[in-house]
Amino acid sequence: MQWRHFITIGFVGLLLSCASEDMGTGDPGEAPMPLDPRVVIGLRFAPVPLNLESADRALVGLGSYFVNAASGCIDCHSCPTYRPGESPFTGGRGRLSAATYLAGGVPFGQNLKAPSLAPDAKGLPGGLTREQFMSVMRTGKDPKDPNRTLQVMPWALYRIMADEDLLAMYEYLRAIPPAQPGACTGPGQ
């Protein structure tokens with residue numbers, strides 16, 4: 001009976017030591033990646049190559065998790081969202097279109113299109129500074145017209161997210177490549 005107690009303690013100790021360690025990426029010069037499953041999922045799920053030069057890999061991975069897995073930004077900000085024949089709504093596997101990834105252009109009526117979240121020529125996601133991005137996510141105010149509230153974007157939900165989570169989203173968006181929108185008739189195509 002006593003040997004079972006020692007095995008249980010040893011197993012729990014092993015689990016705790018694994019959970020507190022960092023897992024190396026195996027790439028020379030890269031920082032170790034924490035065993036946060038959201039970071040791992042985010043880095044694996046990113047449908048485009050990420051520019052991780054001078055970026056916090058864990059923060060970018062966490063941002064990818066929020067943008068791609070938890071928030072659904074891709075449905076409204078990628079036109080089209082999926083590769084041809086890949087929409088999960090029509091039986092596809094759900095592989096995202098890298099060519100139009102977060103480039104905006106999704107129409108919402110006749111006079112409204114979702115803006116791009118991809119970096120502009122200066123490397124700013126959607127052309128927004130970190131402060132502008134945080135303000136849009138907290139207030140829903142259009143950065144080009146502060147008197148206009150964004151009606152389609154679910155900013156009312158994002159405003160309760162922790163600053164660190166919104167910062168992770170911003171850093172992820174800084175790490176994706178620029179893109180141009182394609183053609184679509186609505187979100188999630």
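Helices here are DSSP runs of H or I, at least four residues long, numbered from the N terminus. I'm working on a predicted model.

**Entry 1, α5.** I looked up what comes after α5 and found Gly140, with a positive phi near 75 degrees. Next I checked the burial along α5, residues 130-139: Phe133, Met134, Val136 and Met137 are the buried ones. They span an arc of only 160 degrees around the axis, so they sit on the same side of α5.

I took the axes of α2 (residues 37-45) and α3 (residues 57-70), which come within 7 Å and cross at roughly 75 degrees. The range for roughly perpendicular is 65 to 115 degrees, so α2 counts as roughly perpendicular to α3. On the α2 side I noted contact residues including Ile41, Leu43 and Phe45, and on the α3 side Leu62, Tyr65 and Phe66 are among them. I sorted the contact by class: eight nonpolar residues, four polar and two charged.

**Entry 3, rings.** I found three aromatic pairs in the structure. Tyr65 and Phe66 have ring centres 5.9 Å apart and planes at 65 degrees, so I logged the pair as edge-to-face. Tyr65 is partly exposed at 22% relative accessible area, while Phe66 is buried at 9%. Phe133 and Tyr170 make a tilted pair, 5.3 Å centre to centre with 55 degrees between the planes. This pair links distant parts of the chain, Phe133 in α5 and Tyr170 in α7, 37 residues apart. I checked both for burial: Phe133 and Tyr170 are buried.

Notes: Residues are numbered from 1 along each chain as its sequence is written. This is a predicted model: local features need pLDDT of at least 70, side-chain atom pairs count only at pLDDT 80 or more; totals for chains, interfaces and linings use all residues. Side-chain values use heavy atoms; hydrogens and water are left out. Buried means under 20% relative accessible area, exposed over 50%, partly exposed in between (1.4 Å probe, protein chains only). Helices (H or I, at least four residues) and strands (E, at least two) are DSSP runs, numbered from the N terminus. The arc is that of the directions from the helix axis to the C-beta atoms. Axes are lines fitted to C-alpha atoms, for helices over the stretch in contact, and angles run from 0 to 180 degrees between N-to-C directions. Angles under 35 degrees count as roughly parallel, over 145 as roughly antiparallel, 65 to 115 as roughly perpendicular and the rest as oblique. Contact means heavy atoms within 4.5 Å. Ala, Val, Leu, Ile, Met, Phe, Trp, Tyr, Cys and Pro count as nonpolar, Asp, Glu, Lys and Arg as charged, and the others, Gly among them, as polar. Rings of Phe, Tyr and Trp (its six-membered ring) pair if their centres lie within 6.5 Å; planes under 30 degrees apart count as stacked, over 60 as edge-to-face and the rest as tilted.
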